[in-house]
Amino acid sequence: MPQDITNKRISCPHCGHYLHVSLDTSGGDQDYYDECPSCYKDIHFNLHIDEYHQKIQLAVDSDDR
């Protein structure tokens, strides 16, 4: 990838609050959780690096069980 840090605007799947996230793509594919600064619930991030098409695919969900 041309750059390792990418900024994305997402909305919290719980409360709808918009937030900006910085994605570090240098580590390859990632699956992690981060807390919403508005409602404090966990947001599930699934980051996939498509090297062939030089694209970043980000899936964001609440991962409610």
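Modeller: A residue counts as buried under 20% relative accessible area, as exposed over 50%, and as partly exposed in between. The model is predicted. On that scale cysteine 39 is partly exposed because its relative accessibility is 25%, whereas cysteine 12, at 3%, is buried.

The structure holds 0 disulfides. A disulfide needs two cysteine sulfur atoms within 2.5 Å. For cysteine 12, the closest cysteine sulfur belongs to cysteine 36 and lies 3.8 Å away, so the pair is too far apart for a bond. For cysteine 39, the closest cysteine sulfur is that of cysteine 12, also at 3.8 Å, and therefore too far for a bond.

Now the strands. Strand 1 covers residues 5-11 and strand 2 covers residues 18-24; 7 bridges pair them in the antiparallel sense. One of the bridges has isoleucine 10 facing its partner leucine 19 in strand 2. The hairpin of these strands has 6 residues between them, and glycine 16 there takes a positive phi near 85°.

An open sheet is formed by 3 strands in the order 3-4-5, with antiparallel pairing. Strand 3 (30-35) and strand 5 (55-61) are at the edges; each has a single partner strand, so one side of each has no neighbour in the sheet. From one strand to the next, the twist averages 25°. Strand 3 is joined to strand 4 (residues 42-50) by 6 bridges, and the two run antiparallel. Tyrosine 33 has histidine 44 as its bridge partner in strand 4.

Note on methods. Residues numbered from 1 in each chain as written. Predicted model: local features only at pLDDT ≥ 70, side-chain atom pairs only at ≥ 80, totals over all residues. Heavy atoms only, no water. Pairing = 2+ DSSP bridges. Helix = DSSP H or I, 4+ residues; strand = E, 2+ residues; numbered from the N terminus. Buried < 20%, exposed > 50% of the residue type's maximum accessible area, 1.4 Å probe, protein only. Axes fitted to C-alpha atoms, helices over the stretch in contact; angles between N-to-C directions.
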